[in-house]
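Here are my notes on this model. Please read them with the structure open.

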Amino acid sequence: MGGVSKVFFRSWFGNVLRRYYRYVMSRIGITTTVPIEVIYAAGHVPVDLNNVFVSHPDHQELVEEAELAGFPRSFCAWIKGIYGTVKRTCDLAAVVAVTQGDCSNTQALMETLQSEGVEVIPFAYPYERDYELLSMQMDIFMRRLGVEREAADEAMRRLDRVRRKAHRIDKLTWDEGMVSGFENHLYLVSCSDMEGDPDSFEAKLDSFLAEVKTRAQEGAFRPAVDMVRLGYLGVPPIAPGLYDYLESLGARVIYNETQRQFSLPFGTRDMVEKYRLYSYPYSIFYRLEDIKREAKRRCLAGLVHYVQSFCFRQVEDIILRKSLEIPILTVELDHNVRLDARTRMRLENFVSMLRGRADG
Amino acid sequence: MNVFYGVDLGSRYVKVAIDEPGGYRFLGPYDTAEFYRTYVEPAPGGGVLRRESLGLEEEPALAATGYGRARLGGGAVMVPELEAIVEGVKALTGLAEAVILDVGGQDSKVMLMRDGRMADFAANDRCAASSGKFMENMSAALGMSLQEMGEHYRDPVELSSTCAIFGESELVGLMGEGYELDRLAAGVNQAILRRLLPLLSRFDVRTLVLTGGVAYNAALRGLLGERLGLEPAVPEPPDFVAAVGCCSLARRKGE
């Protein structure tokens, strides 16, 4: 079968399967954090498509699939990867589209998927974090999935117990230096969908917390003492190798801005308020409040601002630099999962400069 | 022994500096791929420099920097590139306070040197636009040597692209439309300037030091000076600055 007809067959077959699964199974794709309480309360399983894409062994192929379908080469690799992921994941009943609070590229992606037969459920975060408007959005979302507020609240209480364990991992990272930057990234980023199963995800967190204690006692882990304390800003990296490379230079990321937000680190028991406090979908000025507070609390020496090639967030770099007094390194990647020599050079010089400042 | 070696394994060329009692001596620049083939002995965990082929002695300490320095894993002191440039500027100019603009083979960096140390830096975005590679492509398209291209700055033809690839297509198109080569060369220099200014705008430039192979471009030096209202200082030779910095760092480690 030729390349084009293979793609056609997969697309046709995918649509048939998708229609079948819509009534039998219920995995729902998400492209950024949305109230997964509602999805779980409806008896469905959220699937963070970003996580599936980035951990896919052939993730380059997923991007190529989008390019074959006509997505430009000069376009966000996350969007292309998500497109490829949806096309390959035939058991998705629907995909939640964040139509406000994410980028317009996501919107175009959703429209493309919709035109190809994928069911799309819209969700919008109001720009000014208005409580009433967000509450209304939640109601629409719950109605669409046939969920009552009480059931969603109950699901939230269950998920919050798991989130508290992720917060413990975060505290062990910055306060006690017992968790690496990559581990912090991995467990916090996974809070976006709890890997589709809060019980097994909780067991995973429990086992990791136990391991942290044991390896500390055995001296099998390098604590953060004497390491350069870094913060990581922006969307999660497409090349997670960045964390280990920084560790090899003697620097550790002890603050993952967006990933931490995915774990909803807020005390409130009000679901609307929780997603109103969540910073990622709102303005850069609101995000800055969180960044400033955490940079101070965690005594950060420098910040790595990750920007995706062709992403509007590259422009937010201007505001970050104007508003923060702490040294910032901007790192841009497209879809190379390995860190290239130019990025390594920048990271190495940044760490060396920060160390020089500390010594001087 | 009071001799130290510094090697800068850049993306396009490899430069070797020798710090000896009589002053600095320089070897190269060597084409990077050719250098790896001829002077680096492959070995597990990096490679080893074939010192004798370069006429270098075995004992002196050697420091290496640049994109390819991991190729010299065996026995060399590894130095981050920008640190090497700052050290080199200090050694060659005696300055301790300056803004350093390094335009290399595949990227451009600006370093703020305060009290002889790097206090901040900025690097260009992902592509090789306005780097040495861009200039090389443009000079090949124009059939002009790099030196000759560096003589033109008057009446530039506007070039919209500074991409090393798209820029070439644009240039070929403009040549076809009949624009004079001198004006096109001036346009290339203007395009590089436009790309470098945003990098410099983050710093309060009172003293500017220009390093890297592109510093040989007289037109660009003039344009930068005109735009910033100052005369850029150019250490001699500008493309060996990082290699000289490596000598200083090898000396520091050795002592």
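1. Terms first. Two strands pair if DSSP finds at least two bridges between them. Helices (H or I, at least four residues) and strands (E, at least two) are DSSP runs, numbered from the N terminus. This is a predicted model: local features need pLDDT of at least 70, side-chain atom pairs count only at pLDDT 80 or more, and totals for chains, interfaces and linings use all residues. Residues are numbered from 1 along each chain as its sequence is written, and chains are lettered from A and ligands numbered from 1 in the order in which they are written.

2. The parallel sheet of chain A. Four strands of chain A form an open sheet in the order S2-S1-S3-S4, with parallel pairing. Its edge strands are S2 and S4 (120-124) of chain A, each pairing on one side only. The twist averages 30° from one strand to the next. Angles run from 0 to 180 degrees between N-to-C directions, and axes are lines fitted to C-alpha atoms, for helices over the stretch in contact. Strand S3 (residues 92-100) of chain A runs parallel to S4(A), and 5 bridges join them. Within that pairing, A:Val96 has A:Ile121 in S4(A) as its bridge partner. Helix H6 (residues 104-115) of chain A lies across S3 and S4 of chain A, at about 145° to S3(A). Contact here means that the C-beta atoms of two residues, placed from the backbone, lie within 7 Å.

3. Domains of chain A. The domain assignment gives domain 1 (3-146) and domain 2 (150-359) of chain A; such bounds come from an automatic or database domain assignment. The C-alpha centres of the two domains of chain A lie 24 Å apart. Where they meet, 33 residues of domain 1 of chain A contact 29 residues of domain 2 of chain A. On the domain 1 side, the elements of chain A that give two or more residues include strand S2 (45-48), helix H4 (59-69) and helix H7 (131-145). By class, that side has 23 nonpolar, 6 polar and 4 charged residues. In this count, Ala, Val, Leu, Ile, Met, Phe, Trp, Tyr, Cys and Pro are nonpolar, Asp, Glu, Lys and Arg are charged, and the others, Gly among them, are polar.

4. The mixed sheet of chain B. Four strands of chain B form an open sheet in the order S10-S9-S8-S11, and the pairing is mixed. The edges are strand S10 (117-123) and strand S11 (208-211) of chain B. Neighbouring strands of this sheet are turned by 20° against each other on average, direction ignored. Strand S9 (residues 108-114) of chain B pairs with S10(B) in the antiparallel sense over 6 bridges. B:Val110 has B:Ala122 in S10(B) as its bridge partner.

5. The chain contact. Chain B gives 13 residues to the contact, and chain A gives 14 residues. On the chain B side, helix H3 (81-93) and S10 of chain B give two or more residues. S10(B) supplies the largest share of that side, 5 residues. The chain B side divides into 6 nonpolar, no polar and 7 charged residues.

6. The hairpin. Strand S4 (residues 40-43) of chain B runs antiparallel to strand S5 (residues 46-49) of chain B, and 4 bridges join them. B:Glu41 stands opposite B:Val48 in S5(B). The hairpin of S4(B) and S5(B) has 2 residues between its strands, and B:Gly45 in the turn has a positive phi of about 75°.

7. Backbone points to check. The peptide bond joining B:Gly28 and B:Pro29 is cis, with omega about 0°; B:Pro29 is in strand S3 (residues 23-31) of chain B. The bond from B:Glu236 to B:Pro237 is also cis, with omega near -5°. B:Pro237 is in the loop between helix H8 (218-228) and helix H9 (241-254) of chain B. B:Asp155 is not glycine, yet its phi is positive, near 50°. B:Asp155 counts as exposed because 10 C-beta neighbours lie inside 10 Å. The cut-offs are 20 or more other C-beta atoms within 10 Å for buried, 12 or fewer for exposed, and in between for partly exposed, with C-beta atoms placed from the backbone.
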